Amino acid sequence: MAKERLTFTSSWDEFDLQTDIVMIAVGTPAKTNGEANTHYVEEAARSIAERLQDGAQYTVVVKSTVPIGTNRRVEHIIRRTLQERGVNAKVFVASNPEFLREGWALYDCFYPDRIIIGAEDPEAVEMMRRLYRPLLEQTFEPFEGIPRREESGLPPLITTDPVSAEMIKYAANAFLALKISFINEIAGLCEKVGSDVTEVARGIGLDSRIGPRFLNAGIGWGGSCFPKDTAALLAVGKEHNYEMPIVEAARKVNELQRLRVVERLQSLLKGVRGRTIGVLGLAFKPHTDDVRESPALDIIRILVERGAHVRAHDPVAMDNARAALTDEELQEVTFVHDPHNVADGAHALLLATEWPQYRMLDLLTMAQRMAFPLVLDGRNMFRVEDVEKAGITYVGVGK
Ligand code: UGA
């Protein structure tokens, strides 16, 4: 059992240095200028080097999402610390970015699309290849509740230099973010010309060069990764005096998306001041209680600022939402434990997070409790027929 071979400690004195590989997976929070703060990564590197003994051979793996050049810096810190201590140890540094989605960490870990190793030294690459062999060859027994991914072949191992590995992580997240912003921009035009963005996304997504995923139009992207990593990428560009208008535009479209939702409500309700808006979902995406950079919260803030009252529900994220809003904002937000209750006296419902359980809502009952029967489906999740059957006007994104 893996459980028997796992130990946890928060003390360096109990940290087992008799290993071949140590992974640094600490946070790299954003600084006020958007740059990623590598302080914790550097601290970890220093702490490791302070404990290495003469003759040790070690591979230090940087898993944290770090700005370009951080692996070089980690290597420098380790070498300098060893030198200062007069210790002669052989240390390799490898970059090994992760591509796990929040809520899907185990699945994405066992069935990765690819594994990226950025290292200069062939010995470090070999060490990492050995570590990942069960995943690369998919020879492990699937774990309960995490069945093998059907369509997946064997994940390729991409070996490259550390700087390219660091760039792969940022470029992947920036590309996914801009794919969503792109479809959101198209959605805005769909609304103007009378086309349906879900049909458009299906039509373009079937082109294998484009691919169908991350083309769901909605109220925009949030979370702890896309906003932070696109800002960090721009900060790297700035450091090199290099403009990145595409990444900037992806962020701008994402910001505008929140405003556009409120403006749509304003135009449908002839103003939101004094109106009650029911908000379904607060987390930045379903299956998490994370509200960091959540579009739902941003929209609530704008609504409150413009004089609306909000009734909000989320299956798991209400405590975090409460903690994230200011006291002033909280005066205008009522949290309800039964999602049906967001409808009480509401002039509109906004579906902000596509929790699957919202598909089961009794829309008829909700319609009866509303002051004005209108649904703005911010994630295009409801079936239009179901909403309209309940006597509610349906408005989707890009429809
Ligand atoms: C993202 C990436 O998907 C992971 O590959 C990466 O490892 C991770 O960031 C990270 O850097 O740690 P995550 O932030 O958990 O993962 O969330 P996603 O599932 O990617 O969703 C991000 C946001 O995009 C959510 O707000 C979601 O609602 C939105 N989204 C996603 C859309 O609006 N439309 C889509 O089609 C897909």
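Student: Leaving aside its neighbours within four places in sequence, with which residues is Leu303 in contact?
Tutor: This is a predicted model, in which local features need pLDDT of at least 70 and side-chain atom pairs count only at pLDDT 80 or more, while totals for chains, interfaces and linings use all residues. Residues are numbered from 1 along each chain as its sequence is written, and side-chain values use heavy atoms, with hydrogens and water left out. If contact is taken as heavy atoms within 4.5 Å, and neighbours within four places in sequence are set aside, the partners of Leu303 are Val262, Leu265, Val272, Ile277, Ala308 and Val310.

Student: Which residues touch the most other members of the largest nonpolar core?
Tutor: A nonpolar core joins buried Ala, Val, Leu, Ile, Met, Phe, Trp, Tyr and Cys residues through side-chain atoms within 4.5 Å, where buried means under 20% relative accessible area, exposed over 50% and partly exposed in between (1.4 Å probe, protein chains only). The largest such core has 54 residues, and those that touch the most other members are Leu282, Ile300 and Leu303.

Student: Which helix gives the most residues to this core?
Tutor: Helices (H or I, at least four residues) and strands (E, at least two) are DSSP runs numbered from the N terminus. With seven residues, the greatest contribution to this core comes from residues 295-305, which form helix 9.

Student: How many residues are in the second, separate core?
Tutor: Val41, Ala44, Leu52 and Val93 are among the members of this second core. In total, its residues number 22.

Student: What is the span of helix 8 from its first C-alpha to its last?
Tutor: Helix 8 has 25 residues, and the expected span of a helix is 1.5 Å times one less than its number of residues. The expected value is 36 Å, and the model comes close to this, with a span of 35 Å.

Student: What is the relative accessible area of His287?
Tutor: His287 belongs to the loop between strand 6 (276-280) and helix 9, and its phi, in a residue other than glycine, is positive and near 70 degrees. His287 is partly exposed, with a relative accessible area of 49%.

Student: Which residues are in contact with Ala371, leaving aside neighbours within four places in sequence?
Tutor: Ala371 is placed in the loop between helix 12 (363-369) and strand 10 (374-377). From C-alpha to C-alpha, Ala371 is 28 Å from Lys285, and the two are 86 residues apart in sequence. Once neighbours within four places are left aside, the contacts of Ala371 are Gly345, Ala346 and His347.

Student: What percentage of the residues in the protein are buried?
Tutor: The protein has 13 helices and eleven strands, and its C-alpha trace spans about 75 × 50 × 45 Å along the principal axes. Among contacts between residues at least 6 apart in sequence, 73% join residues at least 24 apart. Of the 399 residues, the buried share is 48%.
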